[in-house]
Amino acid sequence: MKYTPRLPETNVNVTPGSPLKEFFLLACGLLGLIAGIYLLLGLAVDWLAPRIPPGLENRMAAPLLHSLEKTPAKDPRVRCLQRLVDELQAHCAHLPYHFRVHLQDADAVNAVALPAGHIVVYRGLLDKVSSENELAFVLAHEMGHYAHRDHLRGLGRGLVLMAIASLFTGADSSLNSLLSSTLNLSEMRFSRSQESQADAFALAELNCYYGHVGGAVDLFEKLPEPAGPASVTHYFASHPANRKRISDLKKLAREKGYSEDSPKPLNCASGESCP
Amino acid sequence: MDLIIFLMLLALGFFAGSYAEKRHYRSIERREKALLRLPAVTLKKVDIPQGKVRSARMVHGSAVISVDYFKRMLAALRNIFGGKVKSYETLLDRARRESLLRMKESAADADIIVNVRIETATIGRSSRGKQRISCLETVAYGTALTLEK
C-alpha cells in the first residue's frame with residue numbers, strides 16, 4: 001500500500017454557514033416564543049383576574065402584605081384618609097373590599113392600589129392637595145381600579161413576566177432580580193383605557209358623595225406635564241397626559257350633567273378636623 | 001444595564017472570536033502544508049522490517065481552545081431548539097488539527113507516526129456548575145518511527 005500525502009479539499013467537519021445569521025434566527029425564534037407565551041398568559045390573566053373573588057384575593061394576599069396589616073395607623077393624616085375612604089365606601093362605592101389606607105413617606109406624587117384593598121398614598125401627594133374633594137378623587141380613582149380589578153391584572157402580568165424570566169434564566173439570575181425590583185412599578189402601570197375608566201368611576205363617586213364634581217381636576221392642574229424620558233417611571237407618566245386627562249374629565253362631567261361647586265377645604269394635613 | 005453588558009460581550013465575542021478563528025485557520029493550513037511530508041496514520045502495524053527502524057518513541061501534542069461569548073450563547077440557543085451545534089464544530093476541528101500539528105512538530109525528524117489517537121476532554125468546568133470557563137483540550141499521541149536511510 002502506497003501512502004500518498006495530500007490535504008483534504010474541503011473540511012467536512014465544519015458546517016458552512018454564517019453563525020450570525022443562525023444566531024439571529026434562533027434569537028428571534030426564542031423571543032417570538034416568549035412573546036407568544038406572554039401574550040397568551042396575559043390574556044389568561046385578563047380573563048381570570050375579574051373572576052377571582054375578593055375573599056380569595058384577601059387570603060392570597062395576606063401572607064405577602066403581612067407587614068402592611070400590622071402597622072397601626074398612628075398618623076392622624078392616615079386616620080383622616082381612612083375615614084374619607086370609609087365614607088366613600090359606605091355612601092357610594094359599596095365595593096366588596098375592606099379598604100385600608102397606608103401612608104408612604106416619599107416625595108413622589110403617587111398612590112398605589114395593592115391587592116386586598118390596601119391603598120398606599122405617598123406623602124408627596126398629600127403635600128400637593130389642598131381640598132378634600134381633590135383627595136377624595138384620588139382615593140376614588142384607586143377604588144375604581146379595585147372595581148375593575150385592574151390591580152390584579154397588573155400584578156398577574158408581572159407574575160407571568162417573572163415566571164417566564166425564571167424559566168429561561170434560572171431563579172436567581174440578575175434579570176430576575178431586576179424584574180422583581182421593578183415589579184412594584186409595573187403592577188401599577190395600567191393601560192390608558194384602564195386609567196380613564198378609573199377616572200370615570202372616581203368622577204361618579206365624587207358626584208355621588210358631594211353632589212358635585214368640583215375639585216376633581218385640581219390636582220392634575222397643579223402637576224407639571226411629564227417631560228422627557230426621565231419621568232417615564234413617574235406614576236403620572238403612565239396616566240393619560242395631564243392636559244388630555246383634564247379635558248376628558250371635564251367633557252365627561254358635562255356629558256353626565258355633573259355640576260361643579262367650590263370644593264371643601266382640607267384640614268387633613270394638620271390632622272385637626274377631618275371629614 | 002445588564003442588557004448593555006450582555007450585548008457588548010456578545011459583540012466582543014463575535015468580533016474577537018472570528019478574528020482569532022480566521023488567524024488560527026490560516027496558521028493551521030500553512031503548517032499542515034509544511035508538514036505534509038510526515039505521514040501520521042492510525043495503523044497499529046506497519047510492514048517495516050525491524051532492522052530498518054532506527055528509533056521509535058512516543059510523541060504527543062495537545063491544544064486547549066476556549067469558546068467565545070458569542071459561540072456560547074449560540075450554543076445555548078441551540079440547546080433550546082436542538083440541532084447541530086455548528087458554533088462548536090470549528091472549535092473541535094481547530095483543537096484536533098492543532099494537536100495533530102503539534103504532535104508532528106514535536107517529531108519533525110521522524111519518517112512516520114503510527115498508531116495515532118486523538119482524545120478530547122472538556123476542562124475548566126467547576127463542580128458548582130456556575131461560572132465555568134468552557135474550553136476543551138485535545139490530545140493527539142502516537143509512535144514516531146525514524147527509519148534507517
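B:Arg57 is partly exposed in this predicted model, its relative accessible area being 34%. The residue belongs to strand β1 (residues 53-66) of chain B. Residues up to four places away in sequence aside, B:Arg57 touches B:Ser106, B:Ala107, B:Asp109, B:Gly142, B:Thr143 and B:Ala144.

**Residues with positive phi**

Most residues other than glycine have a negative phi. B:Asn115 is not a glycine, yet has a positive phi of about 55°. B:Asn115 is placed in strand β2 (residues 112-123) of chain B. With a relative accessible area of 23%, B:Asn115 is partly exposed; the cut-off for buried is under 20%.

In chain A, A:Arg149 also has a positive phi of about 55° although it is not a glycine. A:Arg149 is found in the loop between α6 and α7 (150-169) of chain A. Is A:Arg149 buried or exposed? A:Arg149 is buried, and its relative accessible area is 8%. Leaving aside neighbours within four places in sequence, A:Arg149 is in contact with A:Ala49, A:Pro50, A:Ile52, A:Pro53, A:Pro54, A:Glu57 and A:Tyr97.

**Chain A overall**

Chain A has 11 helices and 3 strands. Read from the N terminus, the order of its elements is α-α-α-α-β-β-β-α-α-α-α-α-α-α. Chain A has 275 residues, of which 42% count as buried. Among the contacts in chain A with a separation of 6 or more, 70% join residues 24 or more positions apart.

**Helix contacts**

Two packed helices are described by the angle between their axes and the distance between the axes. Two helix pairs are set out below, one within chain A and one joining chains A and B.

| Helix pair | Axes come within | Crossing angle | Hand of crossing |
|---|---|---|---|
| α6(A) and α9(A) | 7 Å | roughly 130° | right-handed |
| α1(A) and α2(B) | 10 Å | roughly 50° | left-handed |

Helix α6 of chain A covers residues 132-147 and helix α9 of chain A covers residues 192-210. The axes of α6(A) and α9(A) cross at roughly 130°, and the two helices are therefore oblique to each other. On the α6(A) side, the residues that meet α9(A) are A:Glu132, A:Asn133, A:Ala136, A:Phe137, A:Ala140, A:His141, A:Met143, A:Gly144, A:His145 and A:Ala147. The residues of α9(A) that meet them are A:Gln194, A:Glu195, A:Ala198, A:Asp199, A:Phe201, A:Ala202, A:Leu203, A:Glu205, A:Leu206, A:Tyr209 and A:Tyr210. By class, the contact of α6(A) with α9(A) holds 12 nonpolar, 5 polar and 4 charged residues.

The other pair consists of helix α1 (residues 19-48) of chain A and α2(B). α1(A) and α2(B) are also oblique to each other. In their contact, α1(A) supplies A:Pro19, A:Leu20, A:Glu22, A:Phe23, A:Leu26, A:Ala27, A:Gly29 and A:Leu30. From α2(B) come B:Phe70, B:Met73, B:Leu74, B:Leu77, B:Arg78, B:Ile80 and B:Phe81. The contact of α1(A) with α2(B) divides into 12 nonpolar, 1 polar and 2 charged residues.

**Aromatic pairs**

How many aromatic pairs are found over all chains? A search of the whole structure gives 9. One of them is formed by A:Tyr97 and A:Phe99, whose ring centres are 5.7 Å apart and whose planes lie at 35°, so the pair is tilted. Both A:Tyr97 and A:Phe99 are buried. A:Tyr97 is also among the contacts of A:Arg149.

In chain B, the rings of B:Phe14 and B:Phe70 have centres 4.8 Å apart and planes at 65°, so this pair is edge-to-face. B:Phe14 lies in helix α1 (residues 2-34) of chain B and B:Phe70 in helix α2 (residues 69-81) of chain B, so the pair ties together parts that are 56 residues apart in sequence. Both B:Phe14 and B:Phe70 are buried.

B:Phe14 and B:Phe70 are also members of one aromatic cluster, which A:Phe23, A:Phe24 and B:Phe15 complete.

Terms used. Residues numbered from 1 in each chain as written. Chains lettered and ligands numbered in written order. Predicted model: local features only at pLDDT ≥ 70, side-chain atom pairs only at ≥ 80, totals over all residues. Heavy atoms only, no water. Axes fitted to C-alpha atoms, helices over the stretch in contact; angles between N-to-C directions. Helix = DSSP H or I, 4+ residues; strand = E, 2+ residues; numbered from the N terminus. Parallel < 35°, antiparallel > 145°, perpendicular 65-115°, else oblique. Left-handed = near helix turned anticlockwise from the far one by under 90°. Contact = heavy atoms within 4.5 Å. Nonpolar A, V, L, I, M, F, W, Y, C, P; charged D, E, K, R; others polar. Phe/Tyr/Trp six-rings, centres within 6.5 Å; stacked < 30°, edge-to-face > 60°. Buried < 20%, exposed > 50% of the residue type's maximum accessible area, 1.4 Å probe, protein only.
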